[in-house]
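Please open the model in a viewer and keep the sequence panel at hand.

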Amino acid sequence: MQVISTLLQRRLVWLALLVSSTLFTSAVRADAILHAFDWHYDEVAAKANEIKDLGYKAVLVAPPLKSNAANCAWWQRYQPQDIRVIDHCKGNKQSFVNMINALNDANPARKVDVYADIVLNHMANERNGATDFPGQSTVNDYGNNSSYWNNQRLFGNLSQGLFGSGDFNPANCISNYNDVWQVQNWRLCGGGGDTGLPDLNPNSWVVQQQRSYLTALKNLGVKGFRVDAAKHMTIWHINEIFTGSIKSGMYLFGEIITSGGAGNNEYDSFLAPYLAYTDHKAYDFPLFNTIRSAFAFNGSLSQLVNPLSVGQALQNSRAVTFTVTHDIPTNDGFRYLIMDPTDEYLAYAYVMGRDGGKPLIFSDSTGTDNGRWVNAYNAGHIAKMLNFHNRMQGQAMEMLAWNDCAILFRRGQEGVVGINKCGSTQSFNVNTNGRFYWYRNYRDVLSGANLVYINGGSYNFSLPARQARMWYAD
């Protein structure tokens, strides 16, 4: 692993030299994803037209599998009992298909893709550490209620179990999260004698069933997969599952949590090899950590000028960008990553205003933190930022000015974004020749006013304290 890490760091140095300019473009459309976290499939369907009107291009939905329907805690959706059927307290196969149909549209510009959250690393922690899934009582229920369960079936023979004890790795709990072998072959455990989540072994039977699962979802109309706990799967396992036919036409991204970019042990050990040896996308945790550092009390927004050039952001074409994920507020170990509400607002302006990556907007249904992220998908500022984001598709990005408090960048001649994290107004006088339209209003999408009118070779952009501006050409 040390040799691989060294080679990757050398590649990153070469990449830094290649992209060191602050003027860059992206060949990949940066379409926004709504993470309808723990929403019922029926709720997504009911809001399909609103989601289309807002300008989202994809919705990431709860894992389509069988989990404990009696306990509706969000984490139950990440503990599969069976992947051959869809049935949990947030919907079944019928509601899942209805949701896909509702998000489709005869007008291609309004069609919204469904991305399925998928759990391939492990099965449920239940029945006193049992490793037969879904368990004999469930198989009996399948037979006794065959009409219902056949309607929920994705693939396979429900008259028998799916996985047995020979389909799992040894029942050891991860104790050292810096040990790649442990992280990718042992169990995620909660401590205090917890037996942990049975960790699937990538034998030929397991891989075959997982391929059948993904193929069935794709045949239903799913257009993308978020790979939960990808950090805990070997790259060999991932590449065995995702064949060329499964990947064709699909958007794939993995969850590999790191606390930094190049030079960070988690990045070098897990995320860098994942990016090097798969063609999947990933959560841009390097950029997220750069954002948090930049908005910190002693941080500088100049860190956001070109973080890719120093290995602190993913390449535009591989990145899913964000300001908060579902794990951050709902898991005690990650709550320190929650940003101040105003800083999160300003960070969204950066993520939605910049060129590159697919922004993911977290909209929660659990009500955590007094409902802070409930209905975030249609919050006024998010709707306006989506409008700007979609207007700017295909426009190159150039950083114009920056200091510790603020940054200013343009998107072609069509738009300009300014962000000020500090408590006093920041101003930047910039050369407008060839960079902006003259004699034409630029309107701030966030306020609908604050017009910029350029009629000369320079213009003084003023950014109020703790505010963002996202101007577009009228």
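**Aromatic rings**

Please note at the outset that this is a predicted model. Its aromatic pairs number 25. Select Tyr283 and Phe285 to begin: their rings form a tilted pair, with the centres 6.0 Å apart and 45 degrees between the planes. Both Tyr283 and Phe285 are buried.

**Charges over rings**

Select Trp39 and Lys47. The charged end of Lys47 sits over the ring of Trp39, at 5.0 Å from the ring centre. Then select Arg391 and Tyr472, where the charged end of Arg391 lies over the ring of Tyr472, 3.8 Å from its centre.

**Helix α5**

Colour residues 136-144, which make up helix α5. Which residues of this helix are buried? They are Thr138, Val139 and Tyr142. When α5 is viewed down its axis, these buried residues fall within an arc of 100 degrees, so they line one face of the helix. Turn to the face directed away from the buried side: Ser137, Gly143 and Asn144 are exposed there.

**Lys223 and Tyr115**

Select Lys223, in the loop that runs between α8 (204-220) and β7 (224-228). Lys223 has a relative accessibility of 35% and therefore counts as partly exposed, the class between 20% and 50%. Bring Tyr115 back into view beside Lys223: 108 residues separate the two in sequence, yet their C-alpha atoms are 5.7 Å apart in space.

**The largest pocket**

Display the largest pocket, which holds about 1100 Å³ of space. It is lined by 32 residues, and those closest to its centre are Leu188, His232, Asp327, Asn331 and Phe334. Select α12 (285-295) and α13 (327-330) as well, the elements that contribute two or more residues each to this lining. By class, the lining consists of 13 nonpolar, twelve polar and seven charged residues.

**The cavities**

How many cavities of 30 Å³ or more does the model contain? There are three. To find it, select its lining residues, among them Asn121, Asn169, Asp199, His232 and His237. Its lining comprises three nonpolar, seven polar and one charged residues.

Finally, go to the second largest cavity, with a volume of about 40 Å³. Its lining is formed by Gln184, Ala230, Lys231, Met233, Ile235, Ile238, Ile256, Phe270 and Tyr274. Helices α9 (235-241) and α11 (265-277) are the elements that give two or more residues to this lining. Here the lining divides into seven nonpolar residues, one polar and one charged.

Methods: Residues are numbered from 1 along each chain as its sequence is written. This is a predicted model: local features need pLDDT of at least 70, side-chain atom pairs count only at pLDDT 80 or more; totals for chains, interfaces and linings use all residues. Side-chain values use heavy atoms; hydrogens and water are left out. Rings of Phe, Tyr and Trp (its six-membered ring) pair if their centres lie within 6.5 Å; planes under 30 degrees apart count as stacked, over 60 as edge-to-face and the rest as tilted. Buried means under 20% relative accessible area, exposed over 50%, partly exposed in between (1.4 Å probe, protein chains only). A charge sits over a ring if NZ of Lys or CZ of Arg is within 6 Å of the ring centre and within 35 degrees of the ring normal. On a 1 Å grid over the protein atoms alone, a cavity is a set of points where a 1.4 Å probe fits but cannot get out, and a pocket is an open set with protein on both sides within 12 Å along at least five of seven lines; lining residues have an atom within 4 Å of a point. Grid points are joined across faces, edges and corners, and a volume is the space filled by probe spheres set on the points. Helices (H or I, at least four residues) and strands (E, at least two) are DSSP runs, numbered from the N terminus. Ala, Val, Leu, Ile, Met, Phe, Trp, Tyr, Cys and Pro count as nonpolar, Asp, Glu, Lys and Arg as charged, and the others, Gly among them, as polar. The arc is that of the directions from the helix axis to the C-beta atoms.
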